[in-house]
Amino acid sequence: AALFQERLTRRAFWQRGAALGIASTLLHDILRLHAQEERQDTEPSPQVRERLKKEGNALAIYNWEDYVHPSTIPQFEKTFGVKVTYDTFPSNEHLLAKLQTGGVRYDVIFPTHNFIPIYRAQGLLAPLNHELLPHLSHVFPRFRETPFDPGNAYTVPYSWGMTGLAYHTTYTREDPRLGSWALLFDSGPQRYSGKLGCTDEREEVFAAALQYLGHNANTRDKDVLRQAAEVLLRLKPHLKAFYPGVEARKALITEDIVVAQSWSGETVKAQAHNPAVAWQVPREGGTGWFDVMAIPKTARHKFTAAVFINYMLRPDVAANNANTNGYATANRVAVERYVAPQVAANPVIYPPEEVLQRVTFLDTISDEILPLYDELWTRLLGT
């Protein structure tokens with residue numbers, strides 16, 4: 001079944017209740033009780049305020065750019081009396097390197113799922129106290145029951161999305177390769193040279209080439225990986241850039257690039273500025289991922305970090321973020337009750353099951369194959 005078939009809007013709630021003969025006064029009471037339940041932690045208790053004070057009423061967050069609603073951090077600061085330092089990073093490699101080398105200490109970070117085993121193996125994360133995270137139960141089971149962090153001992157799912165093919169319909173409408181990775185790898189050099197882009201996430205770039213060749217995005221066959229590298233080397237002279245973070249979105253808006261490997265959410269936001277931008281999971285497949293919230297082992301404000309993570313898990317806060325960041329929330333209750341209908345109906349954000357079946361969630365690169373990935377990626381960037 002699709003992830004989001006359980007969504008129940010307020011209108012549907014009334015219609016279903018009326019059909020069952022439930023009195024309107026009782027329906028009002030049910031909605032009121034739900035609202036009270038969801039507001040119960042909007043005002044922190046004196047005990048929580050005291051513990052926040054002991055940690056200095058401070059919090060340092062390291063997140064992807066444009067990943068929360070503009071009101072999310074100010075509202076947290078106002079409600080809990082905490083001063084937030086908020087920085088952004090462009091890639092998973094950048095985030096991981098920052099934690100590995102030390103330096104600035106952050107209290108909450110937002111890595112992607114397939115990097116979690118690396119953080120755990122290197123002892124970079126603090127274990128979570130689930131008693132401080134009562135809203136964790138709101139998360140879809142499929143994002144909680146994963147091999148990357150069994151039992152959510154270290155991480156809390158936040159948001160998810162896909163990596164696929166973005167393109168400008170003005171330039172590509174007559175292209176027979178539309179709907180396939182061949183639009184990038186075959187038509188790209190022939191028709192759109194210099195106007196092509198890819199993410200700068202190594203695993204995603206290789207996954208696109210592997211899927212174009214008809215292989216599984218998670219293959220660990222060294223010969224197949226070398227074949228994918230050759231495909232990418234042929235494409236490289238025609239690329240405008242490997243774009244970090246949200247930079248591909250900006251290039252799509254300005255039409256500096258017209259065909260690109262791109263994240264679903266960034267393409268949604270680009271389309272809001274340039275309606276000619278479109279996105280799809282190619283017929284050969286795309287990749288999926290989910291980002292998580294975690295507390296570094298070196299965090300100075302671990303209790304405050306847990307309070308913030310639980311705040312982010314509130315359905316109204318999660319929906320507010322999802323309504324603006326272009327990505328799907330992993331929060332089931334937020335989807336069922338709060339996500340705006342036009343957002344929940346957008347198939348680029350919440351795809352139907354037949355599209356999800358073409359999406360492969362990336363595995364962690366093993367130590368055995370990592371040197372080859374490093375060698376091939378260094379060669380690609382150096383050409």
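Let's start with helix H4 (residues 72-80), where Thr72, Ile73, Phe76, Thr79 and Phe80 are buried, meaning under 20% relative accessible area with a 1.4 Å probe and protein chains only. Look down the axis of H4 and its buried residues fall within an arc of 135 degrees, so they line one face of the helix; the arc is taken from the directions from the helix axis to the C-beta atoms. The cover over these buried residues includes helix H3 (46-54), strand S1 (58-64), strand S2 (83-89), helix H15 (302-312) and helix H16 (315-325). Just after H4 comes Gly81, with a positive phi of about 70 degrees.

A quick word on the ground rules. This is a predicted model, where local features need pLDDT of at least 70 and side-chain atom pairs count only at pLDDT 80 or more, while totals for chains, interfaces and linings use all residues. Residues are numbered from 1 along each chain as its sequence is written, and side-chain values use heavy atoms, leaving out hydrogens and water. Helices (H or I, at least four residues) and strands (E, at least two) are DSSP runs, numbered from the N terminus.

Now find helix H11 (residues 202-212). H11 packs with helix H20 (residues 370-382) at an angle of about 85 degrees, with the axes 11 Å apart. That makes H11 roughly perpendicular to H20, a label for angles of 65 to 115 degrees. The contact (heavy atoms within 4.5 Å) is made by Arg202, Val205 and Phe206 of H11 and Leu370, Tyr373, Asp374, Leu376 and Trp377 of H20. Six of these residues are nonpolar, none polar and two charged.

H11 also meets helix H12 (residues 222-235): their axes come within 9 Å and cross at roughly 100 degrees, so H11 and H12 are roughly perpendicular too. Here Val205, Phe206, Ala209, Leu210 and Tyr212 of H11 touch Val224, Leu225, Ala228, Ala229, Val231 and Leu232 of H12. This contact has 11 nonpolar residues, with no polar and no charged ones.

Finally, the aromatic rings: the structure holds 22 aromatic pairs, counted when ring centres lie within 6.5 Å. Take Trp263 and Trp289: their ring centres are 6.4 Å apart and their planes stand at 65 degrees, so the pair is edge-to-face, the label for planes over 60 degrees apart. Trp263 sits in strand S7 (residues 259-263) and Trp289 in strand S9 (residues 286-294), so the pair ties together parts 26 residues apart in sequence. Both Trp263 and Trp289 are buried. They belong to one aromatic cluster, whose members include Tyr62, Trp64, Phe89 and Tyr327.

Methods: Axes fitted to C-alpha atoms, helices over the stretch in contact; angles between N-to-C directions. Parallel < 35°, antiparallel > 145°, perpendicular 65-115°, else oblique. Nonpolar A, V, L, I, M, F, W, Y, C, P; charged D, E, K, R; others polar. Buried < 20%, exposed > 50% of the residue type's maximum accessible area, 1.4 Å probe, protein only. Phe/Tyr/Trp six-rings, centres within 6.5 Å; stacked < 30°, edge-to-face > 60°.
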